[in-house]
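Hi,

Here's the structure I promised to pass on.

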Amino acid sequence: MTAHPHPTRRAVLSSAGIAAITLCLGGCGSAGPDAAGSAGPATVPASEIPIGGGRIVGRFVVTQPTKGTFEAFSYLCTHQNLPVQQVTDAAIVCGRHGSSFSLADGSVLTGPATKPLTKATVTANGDTLTIS
Ligand code: FES
């Protein structure tokens, strides 16, 4: 007889909130294929990749070591599995501990990393590059 309706209503509302969050985690995470941290393939216009340089696109690094040749790698540094931060005209750079990697093949230029970046696949369709 002393049961209060509010805890039950709160519990129901709380469950609904959790359900909404769960649904969003399952279906609301696609802010676009280029969104940083998004899983799955990423796309970028080839014209946005500098010749002799590159760009971080989503979870990938895309480079154009020579005109018209595109390479892609996972953006995770092989030293401690943290994202690299920069692509210069000389290297893919992880500033965490100073590792750098080749634009052409992801091989280690300077440590402490000892393994190359994991290669990804680039597919060109017109001016659009899809990296997976
Ligand atoms: S995590 Fe990249 S150099 Fe250490």
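T66 stands opposite T69 in strand 4. That pair belongs to a predicted model, where local features need pLDDT of at least 70 and side-chain atom pairs count only at pLDDT 80 or more, while totals for chains, interfaces and linings use all residues. Numbering starts from 1 along each chain as its sequence is written.

Strand 3 (residues 60–66) and strand 4 (residues 69–74) run antiparallel, joined by five bridges. (Strands are DSSP runs of E, at least two residues, numbered from the N terminus; two of them pair if DSSP finds at least two bridges between them.) Both sit in an open, antiparallel sheet of four strands, in the order 2-3-4-9. Strand 2 (53–57) and strand 9 (119–120) each have a single partner strand, so one side of each has no neighbour in the sheet.

There's another open sheet of four strands, ordered 5-6-7-8 and also paired antiparallel. Its edge strands are strand 5 (86–87) and strand 8 (108–110), each pairing on one side only. Strand 6 (residues 92–94) is joined to antiparallel strand 7 (residues 99–101) by three bridges, with I92 opposite F101.

The loop between strand 6 and strand 7 holds H97. H97 counts as partly exposed because 13 other C-beta atoms lie within 10 Å (20 or more would be buried, 12 or fewer exposed, with C-beta atoms placed from the backbone). Leaving aside residues up to four places away in sequence, H97 touches H79 and P112, contact being C-beta atoms, placed from the backbone, within 7 Å. H97 and H79 are 18 residues apart in sequence, with 8.5 Å between their C-alpha atoms.

Cheers

Methods. Contact = placed C-beta atoms within 7 Å.
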